[in-house]
Amino acid sequence: GISDTGPAHWPSYFQNRLVDKPVAGFAASPSSGLVERYPLARGLLGTCMVTGQVLRLADATADPAFEEEIDGPRMAGRALPMVLSPVRDPVSGEVVAVLRVAGKQSNALTKSFTADEAFMLRTLATQAGTALRNSALYEGATRQDNFNKALVEVSKAICAPLDLPSL
């Protein structure tokens, strides 16, 4: 089916910000805090989402998949080094988001990201996936706890002795 909210097992905060496989798109959260939905297979972000592979590019703008609207603005006369890593749900293995790091200090020995830096981003993406799953589990447990407390209160009210003289 088609859903605009995201995977049901993720916390509501993340549902509109993460990929929803039935919908041909994913959400990005720019620094403005706005959430936008793009076609799934567009740009380098979409490529990373679809393939589930880490992408390490010396100049992202030179890649045929690069789309300025999705992957960020071109920098006049400068290469745009970029590394992207999929964030996976640790239980299902589904890609639910992408971590992207773009640009690098010009005084660095190399402007492109190293294999070690890509590995570090992949490690962070793994931890992010685990954190998102844990957040979903915590939200579900909290919701169940609130439901159970409400049931106890209703049970107490039903089972309380009636005070007939006051009726």
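The side chains of Thr61 and Asp59 are joined by a polar contact of 2.6 Å. A polar contact is a pair of N or O atoms within 3.5 Å; within protein, one atom must be able to donate a hydrogen and the other to accept it, and residues adjacent in sequence count only if both atoms are side-chain atoms. The model is predicted: local features need pLDDT of at least 70 and side-chain atom pairs count only at pLDDT 80 or more, while totals for chains, interfaces and linings use all residues. Residues are numbered from 1 along each chain as its sequence is written, and side-chain values use heavy atoms, with hydrogens and water left out.

Thr61 lies in the loop between β3 (55-57) and α3 (68-71). Helices (H or I, at least four residues) and strands (E, at least two) are DSSP runs, numbered from the N terminus. Thr61 counts as buried because its relative accessibility is 17%; buried means under 20% relative accessible area, exposed over 50%, and partly exposed in between (1.4 Å probe, protein chains only). Neighbours within four places in sequence aside, Thr61 is in contact (heavy atoms within 4.5 Å) with Phe66, Arg74 and Leu80.

Arg74 is located in the loop between α3 and β4. With a relative accessibility of 44%, Arg74 counts as partly exposed.

Met82 stands opposite Ala102 in β5.

A nonpolar core is a set of buried Ala, Val, Leu, Ile, Met, Phe, Trp, Tyr and Cys residues joined through side-chain atoms within 4.5 Å. The largest such core has 14 residues, and Leu44, Ala60, Met82, Leu84 and Val98 have the most contacts inside it. Two or more residues each come from α2 (43-51), β3, β4 and β5, and α2 gives the largest share, four residues. Another core, of five residues, lies apart from this one; among its members are Val96, Ala97, Ala125 and Leu132.

How values were computed. Two strands pair if DSSP finds at least two bridges between them.
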